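Please open the structure in a viewer and keep the sequence at hand.

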Amino acid sequence: MTIGSGGSSVVVPRNFRLLEELERGEKGIGDGTVSYGMDDGDDIYMRSWTGTIIGPINSVHEGRIYQLKLFCDKDYPEKPPSVRFHSRINMTCVNPETGVVEAKKFGMLANWQRAYTMEDILTQLKKEMAAPHNRKLVQAPEGAFF
């Protein structure tokens, strides 16, 4: 996030940005089908996060609960976090062996902007689940993990 007017700007430091995201994640997001929080409350660098997506209706993902891991390196939010599904899922942008969301196949990561957040990533992944090329793909049994 950049704050300023009249051509001047102030870049919000990484930890402040992550604290804002943590607060938003703890309050709950939208309709409750996407959520996230820190893996370890004692991690002062706020690197490791867990996300949850409840699959969109009218898709093979409907009602399924998907768990993800997000890792915000020291360069976040200048560079995107790494994102990996813990729950097994079949999507065109997810590596079928590792569960890693492949940046080159997922536009938001490929075209990362500092203003994007982990919430944006999870929301976009949910939309991607409902996209025509993903919504009918055969899925692993519920409860399977990478």
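The tour begins with the whole chain and then turns to single residues.

**The whole chain**

Please note at the outset that this is a predicted model. Display the protein chain as a cartoon: its secondary structure consists of three helices and six strands. How compact is the protein chain for its length? Its radius of gyration is 16 Å, close to the 15 Å that the globule rule gives for 146 residues, so the chain is as compact as a globular protein of that length. Along the principal axes, the C-alpha trace spans about 50 × 35 × 30 Å.

Next, show the surface. The accessible surface of the protein chain comes to about 8,200 Å², and 54% of it belongs to carbon and sulfur atoms. Of the 146 residues, 40% are buried. Among contacts with a separation of 6 or more, 53% are made by residues 24 or more positions apart. Then colour the charged side chains: 18 are positive and 19 are negative, and the centres of the two sets lie 6 Å apart.

**An annotated region**

Select residues 13-146. An unreviewed UniProt entry annotates this range as "domain: UBC core".

**Helix 3 and the segment after it**

Select residues 118-130, which form helix 3, and find Lys126 within it. Is Lys126 buried or exposed? The relative accessible area of Lys126 is 16%, and a residue under 20% counts as buried, so Lys126 is buried. Leaving aside its neighbours within four places in sequence, Lys126 is in contact with Asp31, Thr33, Val34, Ile53, Ile54 and Pro56.

Now move to Asn134, in the segment after helix 3. Asn134 is buried, with a relative accessible area of 0%. Which residues does Asn134 touch, not counting those up to four places away in sequence? They are Val60, His61, Met91, Thr92, Glu128 and Met129.

**A cis peptide bond**

Select Tyr76 and Pro77 and display the backbone atoms. A cis peptide bond joins these two residues, with omega at about 5°. Pro77 is placed in the loop between strand 5 (65-71) and strand 6 (82-85).

**Two residues with positive phi**

Select Met46, in the loop between strand 3 (34-38) and strand 4 (48-54). Although Met46 is not a glycine, it has a positive phi of about 55°. Met46 counts as buried, at 5% relative accessibility.

Finally, select Asn58, in the loop between strand 4 and strand 5. Asn58 is likewise not a glycine, and its phi is positive, at about 60°. Is Asn58 buried or exposed? At 65% relative accessibility, Asn58 counts as exposed, whereas Met46 counts as buried.

Methods:
Residues numbered from 1 in each chain as written. Predicted model: local features only at pLDDT ≥ 70, side-chain atom pairs only at ≥ 80, totals over all residues. Heavy atoms only, no water. Helix = DSSP H or I, 4+ residues; strand = E, 2+ residues; numbered from the N terminus. Rg over C-alpha atoms; globule rule 2.2 N^0.38 Å. Buried < 20%, exposed > 50% of the residue type's maximum accessible area, 1.4 Å probe, protein only. Contact = heavy atoms within 4.5 Å. Areas by Shrake-Rupley, 256 points an atom, 1.4 Å probe, with all protein chains shown as cover. Lys, Arg positive; Asp, Glu negative; His and termini not counted. Charge placed at Lys NZ, Arg CZ, Asp CG, Glu CD. UniProt positions renumbered as here; feature names shortened; annotations may be inferred.
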